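Colleague: I would like to learn how to read a few features of this model. Please take them one at a time, with the general idea before the case.

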Amino acid sequence: MPELPEVEMVRRSLRRFRLRAPVTRVWRSRLALRTGEAWSRSKERVQRLKGWRPGEVDRRGKYLMMRFHREEMAESCLLLHLGMSGHVEVCHANEALEDHTHLRIFFDDDRELRFVDPRRFGGVRFDARGRIEGSHPISSLGPEPLDRGFTGLLLAAQAKGSRRVIRDVLLDQRVVAGLGNIYVLEALYEAGIHPATKASRLRASAWERIATASTGALRRGIENKGTTLQDYRDASGATGTHQHALRVYGRGGDACDRCGATLDAWMMGNRTAVRCPAEQPVVRGRWVS
Ligand SMILES: [Zn+2]
């Protein structure tokens, strides 16, 4: 599933296309995409894109926000979530259509933006920018981990003394935006914290290490242009290489790069967790600093 670094790479690649010509036509497949709060076919409103000109592309957490302009009208925004397997591509309108294409936005310069998503957990929504930013999911998101003000203190305050395990707290988009299982496990390894540690047991020093390690893990992911396990690629079709640099995710049973211990993998909830048993020990009933 694309996490912050992958979505950031998509954002950067979309910007490079400098789409500016107005939308002439929109095509949407008949199949449903993401559902749930804030997502439904009736909220998509993508047919209303006709006549709007694309502008800057923003990102918030794992969401892409493409701004659109039109004379004398308030700015609008196309909200895009890539789900598990979605990707966007910009191409010429005569290029062959991939299977599982669900949205085609045609521009007046013969180019087209396509949204392709085999598993259909991704979602799209077009609305006034203020309404997109002021409503769920964007308004519910926690702070951006790459922002200057992101610290252990802020992260601990966001977690509000949660009794949940730290892995799950970091996955909660209301606590911090953009992290998923890959980068959370990498960050906890760097911080030397067992993924199943109760968040309420963490001292300030441990929160600082987790915040720093999270930022570092995300930055390395971006430097390596994202993690491509199966579907991820940016809007020009480029894949990432960070899958080769992962220290723990997907490496259960391998030797730890740093100490040689055998990495331990197990199911935690419905996702795999991995840790180095030597560097991320089990701690019970005491504070973790
Ligand atoms: Zn180790």
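Colleague: Is arginine 45 buried, partly exposed or exposed?

Modeller: Bear in mind that the model is predicted. The class follows from relative accessible area: under 20% is buried, over 50% is exposed, and partly exposed is in between. Arginine 45 has 31%, so it is partly exposed. This residue sits in the loop between helix H2 (41-44) and strand E2 (53-60).

Colleague: Is histidine 194 buried or exposed?

Modeller: The cut-off for buried is under 20%. Histidine 194 has 9% relative accessibility, so it counts as buried. Its place is the loop between helix H6 (181-191) and helix H7 (204-223). The histidine 194 side chain reaches the backbone nitrogen of alanine 196 at 2.9 Å. Beyond its neighbours within four places in sequence, histidine 194 is in contact with Ile166, Trp266, Arg275, Gln280, Pro281 and Val282.

Colleague: How is the chain divided into domains, and how many residues of each are in contact?

Modeller: Start with the bounds, then read the interface. The domain assignment gives domain 1 (4-140) and domain 2 (152-275). Their centres, taken over C-alpha atoms, are separated by 28 Å. In the interface, 22 residues of domain 1 are in contact with 19 residues of domain 2. About 1600 Å² is buried between the two domains, and carbon and sulfur atoms give 64% of that area. Of the area that domain 1 buries against domain 2, Pro5, Glu6 and Met9 supply 32%, more than any other three residues.

Colleague: How many salt bridges and polar contacts are there between domain 1 and domain 2?

Modeller: There are two salt bridges between domain 1 and domain 2. The side chains of glutamate 98 and arginine 233 form a salt bridge at 3.8 Å, N to O. On the side of domain 1 that touches domain 2, the elements giving two or more residues are helix H1 (4-16) and strand E5 (87-92). H1 gives the largest share, 10 residues. By class, that side has nine nonpolar, five polar and eight charged residues.

Technical notes: Residues numbered from 1 in each chain as written. Predicted model: local features only at pLDDT ≥ 70, side-chain atom pairs only at ≥ 80, totals over all residues. Heavy atoms only, no water. Helix = DSSP H or I, 4+ residues; strand = E, 2+ residues; numbered from the N terminus. Buried < 20%, exposed > 50% of the residue type's maximum accessible area, 1.4 Å probe, protein only. Polar contact = N/O pair within 3.5 Å; in protein donor to acceptor, adjacent residues only side chain to side chain. Contact = heavy atoms within 4.5 Å. Domains from an automatic or database assignment. Buried area = accessible area lost by both parts, 1.4 Å probe. Salt bridge = Lys/Arg side-chain N within 4 Å of Asp/Glu carboxyl O. Nonpolar A, V, L, I, M, F, W, Y, C, P; charged D, E, K, R; others polar.
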